[in-house]
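Trainee: I have not looked at this one before. Please walk me through it.

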Amino acid sequence: MGGSVDAQVNGSDVLAALKLAQQAPAILGHGSAQSANAPTKVSRDTAEEYSRLEQLFLACLQTGDDKAAQECLNRLSHRFGPANERVMGLRGLYQEATATDQAALEKCLSEYEKILSENPVNVPVMKRRIALLRSLERPAEATAALIQLLDAVPTDAESWVELADLYQSQGLGSQAIFSLEEALLIAPNSWNIHARLGELLYVCSSSSESDAGRLAGKSVQHFCRSIELCDDYLRGFYGLAMATTRVLENKYAPENSADPAVPSQHTIRQLREVALRRLEHLVQTRSVDDQHWASSRGELIAAKELLNRYSAAK
């Protein structure tokens, strides 16, 4: 399948998508007559039913069951109308996923542009166009389209995060940092965005000579906030161990500090020890848990390698 279905269902959700897609015959076979004559007023139960149908649509595309996905799309289109913005976005996703070559994807892009010429703020179609531009490896156009989207919907934290990713892929670190900071203004308690910003600051600190210490210090702060908000976030503890090590090795922190906002080397060292202990505990408990191992195998392996390096260095 072509397109960018993976943007809709990330790698850790593949097993869940497969499990849901396997239920397609039962779900689509139940109440089909009712779907053909959908009521004009949506009750709570009916709204939940159509939400489930959309989830099934995405799962079927993810697992390659295009026929079942088409049936889901037909039912959603029948209920809400083909001109419904959300349905238009799902239809575009289906066309991308079933595209067989570059020309078919370019046709999808042309259709998006036609829709947006008639309604420039059709958000689902704007997002599909951005995803398609990224999959076609047109980062500059995707960036411009994302900025246009954020001009229309400035409170979309997910789009700010995607914009940061696009900026970083083009080597524009300061713009990427700004974008994640904007995302945190909208979602200040999002531990994964804090960790993402910590990672970005860590990367930027390695390529900045004049500002490396400040960037590394801010990286530590955001990783700390991430694990404060989610005390079993493996990625946050991994990042904290890496960032504190960089601060200590490069002596970015003062030996002593009377300012709570400027942690001393002793404090940074304590933070690293906490991160390593917690990381070791998470690795031990999750490595024997089949569900955790299947969903985050790469992160667990990376964490094990990091712990082994620290053990060998002692």
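Mentor: One term before anything else: helices (H or I, at least four residues) and strands (E, at least two) are DSSP runs, numbered from the N terminus. The model is predicted, so local features need pLDDT of at least 70 and side-chain atom pairs count only at pLDDT 80 or more, while totals for chains, interfaces and linings use all residues. Residues are numbered from 1 along each chain as its sequence is written, and side-chain values use heavy atoms, with hydrogens and water left out.

Trainee: How many helices and strands does the protein chain have?

Mentor: The protein chain has 17 helices and zero strands.

Trainee: What pLDDT does the protein chain average?

Mentor: The average is 87, and 88% of the residues score at least 70. pLDDT is the predictor's confidence in each residue, from 0 to 100.

Trainee: Where does pLDDT stay under 50?

Mentor: One such stretch is residues 1-12, with 27 contacts beyond four places in sequence in the model. Residues 31-45 are also below 50, and that stretch has 13 contacts beyond near neighbours in sequence. Contact means heavy atoms within 4.5 Å.

Trainee: What share of the residues in the protein chain is buried?

Mentor: Of the 314 residues, 42% are buried. Buried means under 20% relative accessible area, exposed means over 50%, and partly exposed is in between (1.4 Å probe, protein chains only).

Trainee: Which residues have the most contacts inside the largest nonpolar core?

Mentor: Leu-132 and Ile-177, in a core of 36 residues. Helices H7 (102-118), H8 (123-135), H9 (139-152), H10 (157-169), H11 (173-186) and H12 (191-207) each supply at least two residues of this core. There is also a second, separate core of 28 residues, which includes Val-220, Tyr-233, Ile-268 and Leu-307. A nonpolar core is a set of buried Ala, Val, Leu, Ile, Met, Phe, Trp, Tyr and Cys residues joined through side-chain atoms within 4.5 Å.

Trainee: Back to Leu-132. Which residues of H8 are buried?

Mentor: Val-125, Met-126, Arg-128, Arg-129, Ile-130, Ala-131, Leu-132 and Leu-133. Their cover includes helix H6 (85-97), H7, H9 and H10. H8 has 13 residues and reaches 18 Å from its first C-alpha to its last, close to the 18 Å expected at 1.5 Å a residue. The expected span of a helix is 1.5 Å times one less than its number of residues.

Trainee: What comes just after H8?

Mentor: Glu-137, with a positive phi of about 60°. Glu-137 lies in the loop between H8 and H9 and is exposed, with a relative accessible area of 70%. Most residues other than glycine have a negative phi. Lys-251 is another residue other than glycine with a positive phi, near 55°. Lys-251 is in the loop between H14 and H15 and counts as exposed at 64% relative accessibility.

Trainee: New topic. What covers the buried residues of H13?

Mentor: The cover includes H11, H12, helix H14 (234-249) and helix H15 (265-287). H13 covers residues 212-229 and reaches 26 Å from first C-alpha to last, close to the expected 26 Å. Its buried residues are Ala-212, Leu-215, Ala-216, Ser-219, Val-220, His-222, Phe-223, Ser-226 and Ile-227.
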